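Please keep the sequence and the structure in view while reading.

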Amino acid sequence: MAAESSLAETLAPRPALDEAPPCSPTTAETLVELLEQAREVEHNGLYLIDRRERERLLSWGELADSSRRVGASLRALGIQPGERVALIYPTSEAFFRAFFGILYAGAVPVPLYPPVRLGRLDEYHRRTSAMLQAASVGLILTERRLRALLGATVEMALPALGCRLLDELPVVGKEAPADPLAADLGLVQFSSGTTVSPKPVALAHRAILAQVRALNTNWPGVLGETARGASWLPLYHDMGLIGCIFPALALHSDLALLPPEVFVARPATWLRAISRHRAHVSPAPDFAYGLCVERIRDEELDGVDLSSWRVALDGAEPISPTTLRAFCERFARWGLRPEALTPVYGLSESTLAVTFSTLDQPFRTERFDRDALASDHAVPAADGVELVSVGRPLDGTEIDIRDREARSVPHGVVGRVWTRGPSLMDGYLDRPQATAAALRDGWLDTGDLGFVHDGELFLTGRAKDVVILRGRNYAPAEIERVVDGIEGVRVGCVVAVSHRPEGADREALLLFVETRRDIAPEEREVLEARVVEAVLGAVGLKVDAVVALEPGSLPRTSSGKLRRREALERFLAGDLGAPERVTPWLLGKAFASSGVAWTRAWWKRRRA
């Protein structure tokens, strides 16, 4: 059912920055044409930064020439137009040569994340082989070091042409690139899979280029012919690839790239890269801003100047107003403008971005009554829950808030967020039922919950992640943020879920908490008591069980998002947390007589 009115139709255009003339949107209709238009550019391109912060410029022209050779080699190998080719690389020149080489061969790139946790290779092999099979991949391209780790993945997926290095491809000359149509499949990217198994999102060239044009015309006062960016985001993730690489390529501008593992180990390298390259735009998920506040020392920022940073996009996960304020306060002395922090919202199925906050203005937060939100109504309250606005839709994009029957609801009512626009996916690759469930009459059901207040979108969580207690809905992120601030808890490593065991008379609230490595065993029980007390005091909810975990225990997506439902499923199966570290007295007390049988059965599974 189409909405009678949409947010995009009722809102005034977003104010534009006035520092520079508007940038010209690209005329390219495909990704191949996008790179071909940059073949003559020799002095701008990608600055690849290594862990020692040494740099090498890969110019757009150099990339175009080398990608042509890779494309010709792939065709000589037997790759057919439209065939899917996976690439598993770290941030490197080889990734870009492989990615655009696949496109130049007329094939479709499928970027996948490399193995990073050597202690969890079994899980990696299982997930990655499932993605390879879901995308019907015929060839895997990778580097020598990673191929040594991919053996089991390749054996499970059995791509027809196996797993190869670029220097193992047939050596041929530079042929003319393929000439795909705008409607052809240009990229397969996988949804984050925070609640279900990741699904292959099929994106046409036209959808990707529509997103690039929307991004590059969204900030005309920041991005011009000499605009610069910086990023540490993984290239297999939409924010890193589509949000950073393609817009820079379309503008023939510079982009400084750090490997994500370098940022995680030393967050100051990100801010130093922004300063060194005088970057205007640099995005990150919310956890990255918190990590900078927590881990960067003053002496690491000697000589750093962040005044050029005009657009610090914050998205891809729940946005904490506390984190935003802390980041602004912490780095103001190095020239960071508070107006730079820009909350955004998007998802893979819409290529990337759906809404942006107003640029060059401080981010906006509002407080809403907690009890009213639990009943799906947004009522402003001075002492209520503080939520961050993620702004208004990008040009050409619309959103609508709908109830469970897909009927539009008034502003101020919490419902499912639907969107439509030129950047929507064609569907989930080879999954017609999943596509039909997500797309209706040109609208996409995002699966996210939110509401419109004063013309802007506020998000409350994922529909499948909602904590349901006594028939009321609570956002897990609000509960998790309370626990984040407790000493001994790893920041960003808390999961809140609700569960109603068979035979129980109500749902229980369970918290899975990763503790810091240096916490003493005797301190765990004290920590659990602090968690219970903090949640009761901050949000008024009684925690029924606290599961203290070793660092790295919680399941995550390839982009680092916590898998809440999977954490619960693994807990119930006895695969998450040590039995002696769970508080069974809480479980027994919570479920009373109806929960005794469940508690005993749970312990039996744990000890089996």
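The points below begin with the whole chain and then turn to particular helices and residues.

The model is predicted. Its protein chain has 19 helices and 28 strands. Of the 608 residues in the chain, 60% are buried.

**The chain as a whole**

- Among contacts in the protein chain between residues at least 6 apart in sequence, 73% join residues at least 24 apart.
- A search of the whole structure finds 0 disulfides.

**Helices α16 and α17**

- Helix α16 covers residues 476-484 and helix α17 covers residues 523-539; their axes come within 9 Å and cross at roughly 130°.
- The two helices, α16 and α17, are therefore oblique to each other.
- The contact is made on the α16 side by E478, I479, V482 and V483, and on the α17 side by V531, A534, V535, A538 and V539.
- The crossing of α16 and α17 is right-handed.

**Helices α4 and α9**

- The axes of helix α4 (residues 93-104) and helix α9 (residues 238-251) come within 14 Å, with a crossing angle of roughly 80°.
- That angle makes α4 roughly perpendicular to α9, because angles of 65 to 115 degrees are placed in this class.
- Where the helices meet, α4 contributes F95, F96, F99 and F100, while α9 contributes L241, I245, F246 and L249.

- Helix α12 spans residues 286-295, and its buried residues are D286, A288, Y289, L291 and C292.
- The cover over the buried residues of α12 includes the helices α10 (260-265), α11 (268-276) and α13 (321-331).
- Strands are also included in this cover, namely β11 (284-285), β12 (312-315) and β13 (341-346).

- R56 lies in strand β2, which runs over residues 55-59.
- The relative accessible area of R56 is 34%, so the residue is partly exposed.
- When its neighbours within four places in sequence are set aside, R56 is in contact with L46, Y47, L48, E62 and E93.
- With two of these partners, side chain meets side chain in a polar contact: the value is 2.7 Å for R56 and E62, and 2.9 Å for R56 and E93.
- R56 and L46 are 10 residues apart in sequence, and their C-alpha atoms are 8.0 Å apart in space.

**Two residues with positive phi**

- L158 is not a glycine, yet its phi is positive, at about 50°.
- L158 is found in the loop between α7 (151-157) and β6 (163-164).

Definitions and conventions. Residues are numbered from 1 along each chain as its sequence is written. This is a predicted model: local features need pLDDT of at least 70, side-chain atom pairs count only at pLDDT 80 or more; totals for chains, interfaces and linings use all residues. Side-chain values use heavy atoms; hydrogens and water are left out. A disulfide is a pair of cysteine sulfur atoms within 2.5 Å. Helices (H or I, at least four residues) and strands (E, at least two) are DSSP runs, numbered from the N terminus. Buried means under 20% relative accessible area, exposed over 50%, partly exposed in between (1.4 Å probe, protein chains only). Contact means heavy atoms within 4.5 Å. A polar contact is a pair of N or O atoms within 3.5 Å; within protein, one must be able to donate a hydrogen and the other to accept it, and residues adjacent in sequence count only if both atoms are side-chain atoms. Axes are lines fitted to C-alpha atoms, for helices over the stretch in contact, and angles run from 0 to 180 degrees between N-to-C directions. Angles under 35 degrees count as roughly parallel, over 145 as roughly antiparallel, 65 to 115 as roughly perpendicular and the rest as oblique. A crossing is left-handed if the near helix is turned anticlockwise from the far one by less than a right angle, and right-handed if clockwise.
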